[in-house]
Each structure stands twice: as structure tokens, then as C-alpha cells.
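Trainee: Please take me through this model, and tell me what each term rests on.

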Amino acid sequence: MLVSWSPRLITPKTFVFLLVNPASRPNASIQDNGVKLVDPRGDMLEASWETYATNLANAETTDDFIAVIEVIVKEHIRIDQPANVVYARDTRPSGTHLVAAFQDGLLAIGAHGRDEGITTTPILHYLVRCINTKGTNEAYGEDSIDGYFKKMTTAFKKLVAKKAKPPPLLVDCANGVGSIALKKLGEYLGPTLDLIPANTSINTRGALNHLCGADFVKTNQRLPPSLVNELKPNQWACSLDGDADRVIYYYIDDRGNFRLLDGDKIAALVAGFIVDLIKGTGIDNKEVYVGIVQTAYANGHSTAYLKKRLPVKCVPTGVKYLHHAAERFPIGVYFEANGHGTVLFSPSTLEALKAYQPNTPAQATCLNYLMDVTNLVNQTVGDALSDMLLVEAVLAHKSYGAFEWDSTYTDLPNRLVKVAVRNRAEFRTEDAERRLVTPWGMQARVDETVRKYDEGRSFVRPSGTEDVVRVYAEATDRAHADELAFKIAGIVYDDAGGDQRTRPKEFI
Ligand SMILES: CC(=O)N[C@H]1[C@@H](OP(=O)(O)O)O[C@H](CO)[C@@H](O)[C@@H]1O
């Protein structure tokens, strides 16, 4: 619904009465002095009529309207001052035009802009957190790109100081902005870790993510062709994605097989390390513990492995869901199987760790390492470079190679396919996207098919980023996982397919 609203014609209170229908938005209630909202996490947000009056002339829809209020109130935004916007771009040629248009927009509304040039998504998130927390007791760091690299590499160097030097690391930069950041990272790391960049053609049109990058490796479950003659057996390597917010590891085993070490494997490795450090500190505080957040795409064996050891929560696909769920744990480790994730330490956990007095030198060492981990991880968003250093630090601590890490648990073979359908809005899900509500009857057919496969699991969900429906399937062996995915995709296609380009025999 589009609503144009002029504050001169209608009072904000009437506006809210008109738009916030308590029946459709049971989490909003009209009060004498303003509006009360309860966000999905149960936080109570309040806003006075004055706040509405001064700010909401630009809100066009009910959802915009509510979202604006929620952010203003929750983040204590000073609405009487001009906005301060930090921006940057990636390496795509379209970036220059987009930035120019964006700068015009800033000028038009009288906002201050700070141009950070070409940099990664996670670095931009880092800068915003630093600016917003400056001078508070949650100050995150120095608000500069140098500050980002210094914070992360100082922590990494402390973590690995007494460990054997890790072997040189081959890093596929997806021909994206990660290659610029990786070079800089190498300068800050010095001799601590040798990084060997691959796929760094940032000026070649069409090269971004082409036959390389985290998504290529995860989806195709094979090496980027450019690394085929580079990677030696048992040497591990990693791939960043185009804006360097995800990372995937892999290696070639003794028998020449490609082995993926994806976001689930990273979560298991990192969570195990943090749990060991907490135990090592001797801290006797039931409120300091690790929880895991995954999506339905997490491999069934990773979920089983983790559930035996830690609380595990499954949320819908998308980092916003994972991040918020992880904030609810004292230490929340969240990773999508595709390699996007990080670790969040709650403010009270950080306070407890800072206040804790260890009793032995060994406990003090563990506590220091834990604090180094809090500085190494980018707690604002998934960050390929920070996650990569974290993995390298954990491997160095555990004296693990790729094989030992891979042996934590064995992945179930799995297959992800996509189906173009008439209208993906027909697909509605529940239970963190693991079950279909509509089209009516489809879930029952999926269940009936899945039952025929040992350790079979499959789910169907509409993509949030592409006009397709995704089908995921896993089973005890490769042929069965492929067959199950193919059969479920067939069910989807028969009931709702509409595009001849994705007939079942062509599913990818
Ligand atoms: C199966 C898969 O990898 N889905 C991706 C993809 O979402 P879809 O909603 O599946 O299109 O893009 C998201 C944004 O990058 C990412 O968070 C998510 O993991």
C-alpha cells in the first residue's frame, strides 16, 4: 500500500490510527503519548508523537513507517542532527555511477557523506560500528581501514605467537575487492602468515565470481579451474566471495578427491575451540556458554554433531536472521553452509570475561586467547578475511591439518538445485523454511519421497534473491542425494513449473 502523507493535512496520531491496525499488527498499540511496539525479539520500543511528527513525512508504507520508528527508537538516533553516511563500493565498473548518484542524494537531503573508496562489505560494517560506539564503553575500535587491519592482525599475531607457523595459504579472491584487501592484510601480517592470492583480475569485465569464488566452489563442489594445478594433496586453500563477506575452505585428499570445508565445518571448528578456551579459563559462570545458529542448509551430520555438544538453533535463510538469533546467546557462533558467518560475544559475556581473575597461569593464557578471539572476529557481520584468520589460528592451536579438521564429522552427500516456477510467491514455508505450507499437498508428497531414502532429508523454499525455488536434498550416498533432489525438483516442476528452460533433466 502506498500512502502519501502531508503532516499539514493530517496529524501523526490520526495517521497512526489509520495505518496501524491492531488486528493486522498485534505488536503495535496506540497510547496517549505515542506508540508502543514490541519487536519480534520481545524488546519494547516506545516513540512519542513528537518523534513521529518530525520524522515520518517521508514514510511511504506502513512497514516503512514502523521500520523507521523502530530503528530511531532502538538505536537512540539523534533525529535533530543531519545524517552521517559512510559509503564505499566494490570493484564493479557500475560502482562509479552508483556512487555519483548516491552522492547527489546525500547533497539533496543535506546529509554528511564519508567516502571510503573501494573496500569490502565487512570493512564498511566495521567502520559504522566504530563510529556509532566511539566514546562509549562498547567502543569497537579505531574508525579507519587501517584501524580494522591493525585490530585484526594484532589479535591474530598474539594468538599464533607461540605456535608453529601455518603453511602458506592459497586464497581465491573471486576476482573481486577481496584481492585488494588481501594484499593489505598481507602487509599487516608480515611474516606471520604467507598469503598466496589467486583470481585477482579486478579490472577484467565479467571476471567477478566467474569460475571462482566461494559460491562457485560450494555449488559445484569442485576446485576453481585456476587452482587445479596449484593445489597439492592435503594443502588447504580458501575462496572468498565477490565482496569478501564469505569464505569456504577445501583441500584435495590423498586419493585425489576434492573435499569441502564449508561454513558448517568452520562453525564446528571455531565453536569447539572457543568451548575449550572457556573451560581452560576455569570461569565458573553458567551464563558464559556457546550457542550455534544454522539454517536448514546446514548438513544433517553437522547439526547432529553440534547438537550433541551445544545448543543449536535453526533459523530461516539470510544473515539478518542468523545474526539476531546469535545475539541471544552469550557467545553465538553463526554460519550459513555457504560460508557466511561470524561469532558474537554479548556485552555481558565480555564484561564477565574482563572481570574474571584466573587462578593459574594456564587459565590466564586461555583467558588472553579468548580475548584475542573477541578482537580477531568481526562481530558486525560475516567477514571472509577475519574468518580466514580465525580458522588459521584455530588450526595452528590444534596442530590440525585439513584432514584432521575434516574428520570432525563426515558430511552427508547433498545436492542443491533450482527450479523456475510460474510464481514463487505460491511457495510459503514454516519451521525455519524446512516445511512447505503451500502449495497445498506438496509437503506430503515431499515427505513420502524422502521416507524412501536412508537419512534422507529434503526441503523446498522460494529464494529470497532469485526468481526461483530452491530444492535441497541429502542422503547417505551421492547417487541417492542426487536422485532425491531430482525427484523433489520434479514434484515442484510438475505442480508449479512454468519455465521450459528448467525442465527436470536440466536442473543444476
Ligand atoms: C542457498 C543459499 O546459498 N542461499 C543464499 C542466497 O539466498 P536465497 O534466499 O537462497 O536466494 O543469498 C543470500 C544472500 O547472499 C544468502 O544469505 C543465502 O545463503
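Mentor: Over residues 159-248 the chain is 24% helix and 17% strand, with end C-alpha atoms 22 Å apart. Helices (H or I, at least four residues) and strands (E, at least two) are DSSP runs, numbered from the N terminus. This is a predicted model: local features need pLDDT of at least 70, side-chain atom pairs count only at pLDDT 80 or more, and totals for chains, interfaces and linings use all residues. Residues are numbered from 1 along each chain as its sequence is written.

Trainee: Why is α6 called roughly parallel to α14?

Mentor: The axes of α6 (residues 145-160) and α14 (residues 384-398) cross at roughly 10 degrees and come within 9 Å. Axes are lines fitted to C-alpha atoms, for helices over the stretch in contact, and angles run from 0 to 180 degrees between N-to-C directions. Angles under 35 degrees count as roughly parallel, so α6 is roughly parallel to α14.

Trainee: What makes up the contact of α6 with α14, by class?

Mentor: Seven nonpolar residues, one polar and no charged. Ala, Val, Leu, Ile, Met, Phe, Trp, Tyr, Cys and Pro count as nonpolar, Asp, Glu, Lys and Arg as charged, and the others, Gly among them, as polar.

Trainee: Which classes are in the shell around the ligand?

Mentor: That shell has two nonpolar, seven polar and three charged residues. Among the residues surrounding the ligand are Tyr297, Glu336, His340 and Arg470; a residue counts as near if its C-beta atom, placed from the backbone, lies within 6 Å.

Trainee: What is the peptide bond between threonine 438 and proline 439?

Mentor: That bond is cis, with omega about -5 degrees. Proline 439 lies in the loop between β17 (435-438) and α16 (442-450).

Trainee: What is the phi of asparagine 209?

Mentor: Near 60 degrees, a positive value in a residue other than glycine. Asparagine 209 lies in the loop between β7 (195-198) and α8 (213-220). Most residues other than glycine have a negative phi, and most peptide bonds are trans.

Conventions
Parallel < 35°, antiparallel > 145°, perpendicular 65-115°, else oblique.
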